[in-house]
Amino acid sequence: MTQTQTTMAAATPTPKTRKRQPSREGSPQKAGWFARIVVLILCFLWIVPVIGLFLTSFRPRDDANETGWWTLFWTPSAWGRMSLDNYSQAIDQGGLGNAFINSLAITLPATFIPVLVAAFAAYAFAFMEFPGRDFLFLAVVSLLVVPNYIAFVPILRIYGDLELAGTFPAVWLAHIGFGMSLAVYILRNYMATLPRSIIESAKIDGASHFQTFYRLVLPMSVPALAAFAIFQFLWVWNDLLVALIFVGPGDNAPITVALRNNLMGQAGAGQHLLTAGGFLTMVLPILVFLFMQRFFVRGLTAGAVKG
Amino acid sequence: MLKILNALITVGVGIAAAVVLYWLLDRLATSLGGKWEQRVKPYLYILPAYAALVFYLVYPAVQTAVFSFANATSTEWVGLDNYTDLLGSSNFRDTLFNTLLWMAIVPVVTVAMGLAVAVLADRLSPRWEKSSKTIIFLPMAISFVGAGTVWNLVYDFRPPGREQIGLQNAIVTALGFDPIAWLQLSDWHFNSLLLMVMLLWAQVGFSMVLLSAAVKGVPEDTLEAARIDGANERSIFFRVVVPQIWGTVITVFITTLIGVMKIFDIVYVMTNGTANTNVIGLEFFNQLFTNANNGRAAAIVVMLMLATVPIMWYQVRHFRREESMA
């Protein structure tokens, strides 16, 4: 998920304010067979590998490593041998249980802390006048595309000196730094679309900036806050590189690192454990994604949908 | 469990600390009173965010550039040696070429496929549209390590005679051919292409969601006008729809391009760069950890950074144009 970090970034300010009656799509009689079949085939191709993983993760070792998962469809007896053993083995021996908790411990602070910090900056950029504002915001825009690779060598040295390497705060802070430009960017663009009259009238009523921010702007920005939070959650949870560099293997390793180091590669644990481990890494982000999809899509397409 | 508790406490303390910090900064500004309050307050509001950006992106950019002219342990200047050594090695040139290949193929295909799916799914009934989009979008939630375990079951190879458990080889052997070691197959960079398929699998949904929203945002009257003029659906699409969603097309293209330049996980997990699949993201990691060579690792990052400068310039220009229109 590394690549999508900048993604939503550039995405947010897409075409503005065009709205149209929902007349063209959604008319089933217009759905040609061609469209239906192509979409069906694509969906099939997209989902089949995941189904294979899911089924394999319950199969006993010999079945999983000696026969394809699709043979299940014509060997009914193999279904009876399926169990949760792979999961308990991956969680205990594979160390994925501990790693799952580490992932939560890394992801939660790295998701929620930057939101508030960014919201304050976004408020200043959206509602306050000050010299250098445009320049400072353009600097944020240009930092969106800076690859986080540039941080690794110098920050690793600093972490080494401070004995921070391998700890949770090391990754928390790094993810806060890496996610900040995106957060400020999204929130500021969203706040810029809030009706100014409301903020003006709050000012006339004698509200300070601090009060306006808390009572008005923050509650009104919830869609954008949620969109960024989901995005950052997926990004941090799925991250491998930052975790490898700043945490590394060991007691504090998140689940992506543990899966790679304990079950893949030379460790070569066999398909039964690999698939169970793989599913463990993806179950939480998939749930978050499915339940929050509406928020997420709304945030992604904010610019395009606003009317 | 203790760790979860710790994390929750950190979230709570972190947010509380941020609130207190801003409250203090706000007080500080207010205590200045009058004109100074209004002058200073905006800067205090953006200060913490900017501090994070400066410490994690701006300062390291400068420091990395400096390290790229020093030796492996950053203790001695070596001039341009890191750059000339890297560019002089044929391995690194292959790595560079592979990365360029990813950059040339993945963004274009992502946009094209995303647009195709968006337009096709648009014609289905709302319920089918929603489910099909969810399925295509779903892999975006999956890490590349997780995707590696998924795609292992597609690309797996067993020597001839043994039962194949990889989907592709099962099909190939069912058709009567010998199984193929897909990820070792470096002719025509075929193995790199297979790794790109994994990225497409993860990325197309994102492209589809953005482009679909853009297509739906095209005003109906422009389409009507074209229809009245007797244009067929194909030319309406290319002459009326595509120009109006071009901004989104470029957006998706750029974000995918930047992602591809930094690609690391897929290659690290699937082949670890063997069989000529190496990319510069992975090469950086190997220089930093396997070879413990700060200088070379930094030089690779500087090259990466230089490659993003035109994109950065474009991004800023694009943003200013959008703003002036708003």
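Student: What makes a set of residues the largest nonpolar core, and which of its residues touch the most other members?

Tutor: A nonpolar core is a set of buried Ala, Val, Leu, Ile, Met, Phe, Trp, Tyr and Cys residues joined through C-beta atoms within 7 Å. The largest one holds 182 residues, and A:Ala118, A:Ala121, A:Tyr123, A:Val171 and A:Leu187 touch the most other members. Helix α6 (residues 96-127) of chain A supplies the largest share of this core, 20 residues. This is a predicted model, in which local features need pLDDT of at least 70, side-chain atom pairs count only at pLDDT 80 or more, and totals for chains, interfaces and linings use all residues. Residues are numbered from 1 along each chain as its sequence is written, and chains are lettered from A in the order in which they are written.

Student: Why is this core said to lie between two domains of chain B?

Tutor: Domain 1 (2-67) and domain 2 (81-149 + 189-325) of chain B both give residues to the core, so the core lies between them. Those bounds come from an automatic or database domain assignment. The C-alpha centres of the two domains of chain B lie 33 Å apart.

Student: Which residues is A:Leu187 in contact with, leaving aside its neighbours within four places in sequence?

Tutor: They are A:Ala118, A:Ala119, A:Ala122, A:Ser221, A:Ala224 and A:Phe228. Two residues are in contact if their C-beta atoms, placed from the backbone, lie within 7 Å.

Student: What makes B:Val62 exposed rather than buried?

Tutor: A residue is buried if 20 or more other C-beta atoms, placed from the backbone, lie within 10 Å of its own, exposed if 12 or fewer, and partly exposed in between. B:Val62 has 11 C-beta neighbours inside 10 Å and therefore counts as exposed. B:Val62 belongs to helix α2 (residues 34-67) of chain B; helices (H or I, at least four residues) are DSSP runs, numbered from the N terminus.

Student: In helix α5 (residues 85-92) of chain A, which residues are buried, and how do you know that they are on the same side?

Tutor: The buried residues are A:Asn86, A:Tyr87 and A:Ala90. They cover an arc of only 100° around the axis, which puts them on the same side of α5(A). The arc is that of the directions from the helix axis to the C-beta atoms.

Technical notes. Helices (H or I, at least four residues) and strands (E, at least two) are DSSP runs, numbered from the N terminus.
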